[in-house]
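This report describes selected features of one protein model, arranged by topic. Please consult the sequence and the structure shown below while reading.

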Amino acid sequence: MSENLKVHDKLIQHNLVKLTSVERIKLLFDEDSFVELEGLVANKSSGVIIGYGTVNGRLVYAYSIDGGAINKINSKKICNIIDMAVKMGAPLVQIYESIGGELSEDLNIFNCYGDIINRNAKLSGVIPQMSIICGTCTGLLALSAAISDFTVMVSGQAEVYINEPEDIIKNEGKYVDIDMYGYSKHCANIGNAQIIAQDEKEGIAITREILSYLPSNNIELPYKDSDIIESLDLINDENGQYSLEKILGHLCDKESIIEVNKDLSQGMKTFIGKINGSVVGIVGNSENNNKLTIKDFNKITKLIKICDCFNISIISLVNCEGFMESLEEETGGILLEGAKTLALISQATIPKISLIYGSCYGAIYTMLAGKGSSFDIVYAWPSSRICVTRPEKLLKIIYREDILASEIPSKKEEEIIKGNIDNITSPHKAADEGYVDDIILPNETRNKISNALEMLQSKRELSYPKKHGSVLI
């Protein structure tokens, strides 16, 4: 492999507690497996290393920008390696650290970026694309990184943004605190990065792990791990409830869970993991029956898109009472975001299994558990609660006349709710109507879902001939 950095540049990188492009590439690929391509193009100062090798024994292509500018020479190298990756049906890893476009190339820089982004967009959903942000990644290059299936940012040294901070301050016409603008915490909070790594070695290690969960392309099925590590036993919390964390510990193979978009929102959690060696995507509400927000919808949409592209089954763990009632969410477009999420879930053709383990009221059933919206299997625990709307509201409507006719309506209302809420929200009622396939005990969950996954692996759905839906998802 040729060294694309001079000795003093290497020392500078190490003084900044950064790795060189060559070191990053070596960490990404299995030992002695990387083969550099076009290493002699121009004068070795093209600023990009491209090539292929194996990651966990499987073919992967990659390019690494060493901190220099994007120009006609290195953009062509990048396009060549992307084209090769799709021809071979293999994943692509993009390692970014660049000062931006080489302005001396004038308008030609548009084509340099355009050729790369065009390929990123067209190959989205065809082969896995992963980005590791190790330094500056701004402007059009940031758009390229954002198209990736997963973006990993290195805390403390990576920057991602489309507009320069000083331009924002100037445009606002007032002081704006943007100390964290473009950095990992900010990007995680708004969804520009799915995973934050503490250093480059951790970021590359996470990338290697995620690649082991994904198939090489959209035609293959995800690799099934034959070396299954049993899950933990399901344990009651002190208050007799089950936390999402403990459900995941029971459901998934030990140490197989990776949380993605952790900081985007707190109400909804999204993961990739394994159940009896089979890769699954998991969406689940955190505790306390959190209501869904726009950011929650964004998390769900991102994960299901990836899973549907790469034939990964989805598990929905439901304990949610509805959508967040706030003026901010309403004016922010929660209706449209909810519609996008529901449309995407309905259109996804992968196996979809839902477990209702807590509350499931109103539109939440349709979105995250509904057989009508194409969930294949719906399970519920005996302690779960299912209702067409908030049960208190429904009981007030049903018993309206009795409440109004009583001497003390508020007391009568309280008595009616207390006496009827268990019956009106019983999962057995939903099962009687066919909205739940089976009511299972908590400790049966892993076996039931694992068996359902095996049964659904040959699932096929016919779709109407069309380019795409008109709802922008």
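Strand β15 (residues 313-320) pairs with β16 in the parallel sense over 6 bridges. Here, two strands pair if DSSP finds at least two bridges between them. Helices (H or I, at least four residues) and strands (E, at least two) are DSSP runs, numbered from the N terminus. The partner of S316 in β16 is S354. Strand β16 also runs parallel to strand β17 (residues 377-380), to which 4 bridges join it. In β17, I377 is the bridge partner of I353.

How many residues of strand β16 are buried? The count is 10 of the 10 residues in 352-361, so the strand is largely enclosed by the rest of the structure. Buried means under 20% relative accessible area, exposed over 50%, and partly exposed in between (1.4 Å probe, protein chains only).

## Basis of the model

The model is predicted: local features need pLDDT of at least 70, side-chain atom pairs count only at pLDDT 80 or more, and totals for chains, interfaces and linings use all residues. Residues are numbered from 1 along each chain as its sequence is written, and side-chain values use heavy atoms, with hydrogens and water left out.

## The open sheet

An open sheet of 7 strands has the order β1-β2-β3-β5-β7-β9-β11, with mixed pairing. Its edge strands are β1 (35-37) and β11 (195-197), each of which pairs on one side only. Direction ignored, neighbouring strands of this sheet are turned by 20° against each other on average. Strand β9 (residues 150-154) and β11 run parallel and are joined by 3 bridges; M153 has I196 in β11 as its bridge partner.

Helix α3 (residues 72-88) packs on the sheet and touches β1, β2 (48-55), β3 and β5, where contact means heavy atoms within 4.5 Å. The direction of α3 makes about 165° with that of β3. For such angles, axes are lines fitted to C-alpha atoms, for helices over the stretch in contact, and angles run from 0 to 180 degrees between N-to-C directions.

## Aromatic rings

Rings of Phe, Tyr and Trp (its six-membered ring) pair if their centres lie within 6.5 Å; planes under 30 degrees apart count as stacked, over 60 as edge-to-face and the rest as tilted. By this rule there are 6 aromatic pairs. One of them is the tilted pair of F29 and F34, with 5.0 Å centre to centre and 40° between the planes. Both F29 and F34 are buried.

The rings of Y63 and Y96 have centres 6.2 Å apart and planes at 85°, so this pair is edge-to-face. Y63 lies in strand β3 (residues 58-65) and Y96 in strand β5 (residues 92-96), so the pair ties together parts that are 33 residues apart in sequence. Y63 is buried at 1% relative accessibility, and Y96 is buried at 0%.

## Helix α10

Helix α10 (residues 294-309) has 16 residues and reaches 23 Å from its first C-alpha to its last, close to the expected 22 Å. The expected span is 1.5 Å times one less than the number of residues. Among the buried residues of α10 are I294, F297, I300 and L303. The helix is followed by N311, whose phi is positive, near 60°.

## An exposed loop residue

Is I219 buried or exposed? I219 is exposed, with a relative accessible area of 74%. I219 lies in the loop between α8 (200-213) and α9 (244-251). The C-alpha atoms of I219 and V126 are separated by 8.1 Å, although the two residues are 93 residues apart along the chain.
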